[in-house]
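Visitor: Hi! I'm new to this one and would like a friendly walk through it. Could you bring it up for us?

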Amino acid sequence: MRVLLAEDDELLGSGLKAGLGQHGFAVDWVRDGVAAERELLTGNFQAAVLDLGLPRQDGMDTLRAVRAQQNRTPVLILTARDAIDARIHGLDGGADDYIVKPVDLGELAARLRALVRRAHGEPSAQLTLGNLRLDTAARQVWQGDELVDLSGREFNLLQVFLLNADRVLTREQLEQQIYKWGSEVSSNAVEVHVHNLRRKLGPSVIETVRGVGYVSRRPAG
């Protein structure tokens, strides 16, 4: 899952980016509120982690600006502001969650996964499609009773398909959701991952919509 991190502290930002990467997130990191607003309005992120004490523009101003543009990206505020009034202000101002620093990395990852699931109408960490079951927390995929060995990129791509079941996704949309800035993406990277998923899970899991992209469809009935 691709997330935006807005944090001006170099040491903390570097640690969060590396740590969330180990939890399967593709993290793009900005260091001020103006850049955060720009990326949220122009990028394709499944969630954002937003500090409030950002240079150039306060995090709350950034949040209000993107919500005023009807941007629905789930936003988790991560800040040192621990007063109850600050928490209320942040949640009422459009945040989906609010955590006070310091934060446990495992908890932060779990909260981000929950925000993304809820944004797609999925209440459980277990995503299903027919006899396919994907555990977003354990990062495991089962087909029936068999555990399927997937690479990290294959898992992330399958998760995008299951979160968007019955929705046709273009190659560009898929790339935007699994690759962070600076990643070397070959022109046929998505096709290769789709081919590998079909080989491991069966050809019917992902359907090609000619001239448009790909889709995973829920079984009829």
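**A chat about the model**

Guide: Let's begin with a pair of strands: β7 and β8 (residues 140–143) run antiparallel and are joined by four bridges. Helices (H or I, at least four residues) and strands (E, at least two) are DSSP runs, numbered from the N terminus, and two strands pair if DSSP finds at least two bridges between them.

Visitor: Before we go on, what sort of model is this?

Guide: This is a predicted model, where local features need pLDDT of at least 70 and side-chain atom pairs count only at pLDDT 80 or more, while totals for chains, interfaces and linings use all residues. Residues are numbered from 1 along each chain as its sequence is written, and side-chain values use heavy atoms, with hydrogens and water left out.

Visitor: Thanks. Which residue stands opposite L134 in β8?

Guide: That is V141. In the hairpin of β7 and β8, four residues sit between the strands, and R139 takes a positive phi near 55 degrees.

Visitor: And how many bridges join β6 to β7?

Guide: Four: strand β6 (residues 126–129) and strand β7 (residues 132–135) run antiparallel too. L129 stands opposite L132 in β7. This hairpin has two residues between its strands, and G130 takes a positive phi near 65 degrees.

Visitor: Switching to helices, is α6 mostly covered or mostly open?

Guide: Mostly covered, as ten of its twelve residues are buried. Buried means under 20% relative accessible area, exposed over 50%, and partly exposed in between (1.4 Å probe, protein chains only). The buried residues of α6 include F155, L158 and V160.

Visitor: How far apart are the end C-alpha atoms of α6?

Guide: They are 16 Å apart, which agrees with the 16 Å that helix α6 (residues 152–163) should span at 1.5 Å a residue. The expected span is 1.5 Å times one less than the number of residues.

Visitor: What does L158 touch?

Guide: Leaving out residues up to four places away in sequence, L158 touches L132, L134, V141, L150, L197, L201 and V205. Contact means heavy atoms within 4.5 Å. L158 counts as buried because its relative accessibility is 0%.

Visitor: What about G15, where is that?

Guide: G15 is in helix α1 (residues 10–22). Its relative accessibility is 41%, so G15 counts as partly exposed.

Visitor: Now Q46: where does that one lie?

Guide: Q46 lies in the loop between α2 (33–42) and β3 (47–50). At 6% relative accessibility, Q46 counts as buried. The side chain of Q46 makes a polar contact with the side chain of Q177 at 3.0 Å. A polar contact is a pair of N or O atoms within 3.5 Å; within protein, one must be able to donate a hydrogen and the other to accept it, and residues adjacent in sequence count only if both atoms are side-chain atoms.

Visitor: Last topic: how much space lies in the largest pocket?

Guide: About 270 Å³. Of the 14 residues that line the largest pocket, N44, F45, H120, R167 and Q177 are the closest to its centre. On a 1 Å grid over the protein atoms alone, a pocket is an open set of points with protein on both sides within 12 Å along at least five of seven lines, and lining residues have an atom within 4 Å of a point. Grid points are joined across faces, edges and corners, and a volume is the space filled by probe spheres set on the points.

Terms used:
On a 1 Å grid over the protein atoms alone, a cavity is a set of points where a 1.4 Å probe fits but cannot get out, and a pocket is an open set with protein on both sides within 12 Å along at least five of seven lines; lining residues have an atom within 4 Å of a point.
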